[in-house]
Amino acid sequence: MGILATERLVLRDWTAEPADLARIFDIYSRPEIARWLNAPGLPMTDPAQAAERLASWRERHAGHGDRYGTWAIEVRDTGVVAGTVLLKPLPGRDESVPTDDIEVGWHLHPESWGHGYATEAARAVAARELATGTREVYAVVAPGNEASMAVARRLGMTHVGRRTDWYGGESLETFVLTDGLVAPG
């Protein structure tokens with residue numbers, strides 16, 4: 001069951017089913033994905049890491065209901081999982097305590113690049129969050145990741161430069177969407 005649906009996509013919880021675990025591994029074992037994430041354990045090298053990653057996502061979002069999460073982006077027409085969309089409080093400089101700043105993010109399988117899925121999924125979760133009264137939603141992007149910066153711009157986000165407020169002080173290109181102004185689909 002999905003947490004949110006768009007014209008072409010169903011955003012749903014990742015499951016422990018073999019197909020989902022295989023897709024998590026397929027996405028996060030790719031150097032062309034992992035290079036932009038600067039996350040421990042990436043790229044994955046063992047399929048068992050997919051279950052560990054799923055468990056960490058579930059633990060991170062326990063207690064948030066469906067408001068925050070790391071969700072599968074499933075294409076309605078094909079059932080193929082294109083990638084991941086996330087919405088969560090950004091971790092502070094210490095990386096353990098969440099801030100009040102909310103992040104939207106996306107990680108897509110290379111086969112799903114260029115179809116607008118990241119923009120469509122991120123627009124849906126950001127709009128839903130802004131509708132709750134949240135004043136700003138951020139996207140933070142590794143310098144040089146032009147494709148993700150283009151998604152942020154398509155969402156109507158404003159580039160505010162590089163900031164080091166989150167993720168252990170890593171210097172990240174920062175985009176913000178303010179006051180519920182989500183670019184139309």
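This is a short exchange on how some descriptions of this predicted model are reached.

Reader: Why does S148 count as buried?

Author: Its relative accessibility is 13%. Buried means under 20%. S148 therefore counts as buried.

Reader: Where is S148 found, and with what is S148 in contact beyond its neighbours within four places in sequence?

Author: S148 is found in helix α5. Leaving those neighbours aside, S148 is in contact with W106 and V141. Contact here means heavy atoms within 4.5 Å.

Reader: Which residues of helix α5 are buried?

Author: Helix α5 spans residues 146-154, and its buried residues are S148, M149, V151 and A152.

Reader: How do you know that the buried residues of α5 line one face of the helix?

Author: Look down the axis of α5. The buried residues fall within an arc of 155 degrees, so they line one face.

Reader: What does the face of α5 turned away from the buried side carry?

Author: That face carries E146 and A147, which are exposed. Exposed means over 50% relative accessible area.

Reader: What do the buried residues of α5 pack against, and what follows the helix?

Author: They pack against β5 (98-108), α4 (117-130), β6 (136-141) and β8 (172-178). G156 follows α5, with a positive phi near 85 degrees.

Reader: What makes β8 mostly covered?

Author: Six of the seven residues of β8 are buried.

Reader: How do you know that β6 and β8 pair, and in which sense?

Author: Two strands pair if there are at least two bridges between them. β6 and β8 have six bridges, in the antiparallel sense. One example is A139, whose bridge partner in β8 is F175.

Reader: How many bridges join β7 to β8?

Author: Four bridges join β7 (residues 158-163) to β8, and these strands run antiparallel. R162 stands opposite E173 in β8.

Reader: Why are α1 and α3 called roughly perpendicular?

Author: The axes of α1 (residues 18-28) and α3 (residues 48-61) cross at roughly 95 degrees. Angles of 65 to 115 degrees count as roughly perpendicular. The two helices are therefore roughly perpendicular to each other. Their axes come within 8 Å.

Reader: Which residues meet there, and how do they divide by class?

Author: L21, I24, F25 and Y28 in α1 meet A50, A51, R53, L54 and W57 in α3. By class, the contact has eight nonpolar residues, no polar ones and one charged residue. Arg counts as charged, and R53 is among the α3 residues in this contact.

Technical notes:
Residues are numbered from 1 along each chain as its sequence is written. This is a predicted model: local features need pLDDT of at least 70, side-chain atom pairs count only at pLDDT 80 or more; totals for chains, interfaces and linings use all residues. Side-chain values use heavy atoms; hydrogens and water are left out. Buried means under 20% relative accessible area, exposed over 50%, partly exposed in between (1.4 Å probe, protein chains only). The arc is that of the directions from the helix axis to the C-beta atoms. Axes are lines fitted to C-alpha atoms, for helices over the stretch in contact, and angles run from 0 to 180 degrees between N-to-C directions. Angles under 35 degrees count as roughly parallel, over 145 as roughly antiparallel, 65 to 115 as roughly perpendicular and the rest as oblique.
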